[in-house]
Amino acid sequence: MQLFGKKIDAREEDIFSELHHFLLRKNNRTLTNDEVVELTGVSSDLIYKWVKAGKLKKSIFPNIGAPCERCGKITQAKICVNCSSSIVSTLNQEKKDQAWFNQIQRNNPRAGTYHYK
C-alpha cells in the first residue's frame, strides 16, 4: 500500500515540475487559478495543495492562491486579510472586556470576602 502512495507522490511531483516550468514562462506568470486549470488541465485541488505547501509563491505567481480557511476567498495566506482583521478586532475586544472585568473585580469592596445569609 505504501508503494502505491509513493507512485502517486512521484506522479504529483512530475506534474508539479511541468506546471512550474509552464508558469515560469514570462507570459504565464500572471495567470489566475482558473486560467491555469483551463490551460493545463491540472486540478485546482493540486494547485491549492502546492500553494499551501509554499511551492507556488506569491512573489513569483501573484494571481495564484488557495482558499481562505475561514471564508473560502482565494488568497496566498491561510487566512485572507478581511478574516485576519476580523479575528484581530475580536481579540482586541476580548482584551478590553477582560481588562474591564479585572477593574470591576479590583474595585469591588466585597471581593475576596465571604458573606453568608
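## Cysteines, salt bridges and a buried asparagine

C80 is buried, at a relative accessible area of 3% (buried means under 20%, exposed over 50% and partly exposed in between, with a 1.4 Å probe and protein chains only). This is a predicted model, in which local features need pLDDT of at least 70 and side-chain atom pairs count only at pLDDT 80 or more, while totals for chains, interfaces and linings use all residues. Residues are numbered from 1 along each chain as its sequence is written, and side-chain values use heavy atoms, leaving out hydrogens and water.

Back to the cysteines. C83 is buried too, with a relative accessible area of 8%. The closest cysteine sulfur to that of C80 belongs to C83, at 3.5 Å, which is too far for a bond. A disulfide needs two cysteine sulfur atoms within 2.5 Å, and the count by this rule is zero.

Salt bridges number two, each being a side-chain nitrogen of Lys or Arg within 4 Å of a carboxyl oxygen of Asp or Glu.

| Salt bridge | N to O distance |
|---|---|
| K49 and E12 | 2.6 Å |
| E13 and K55 | 2.6 Å |

E13 in helix α1 and K55 in the loop between α3 and β1 are 42 residues apart, so this pair links distant parts of the chain. E13 is partly exposed at 38% relative accessibility, and K55 is partly exposed at 31%.

Finally, N33 lies in helix α2, residues 33-40 (helices are DSSP runs of H or I, at least four residues, and strands runs of E, at least two, numbered from the N terminus). N33 is buried at 6% relative accessibility. Leaving aside residues up to four places away in sequence, N33 touches I47, Y48, N63, I64, G65 and I74, where contact means heavy atoms within 4.5 Å.
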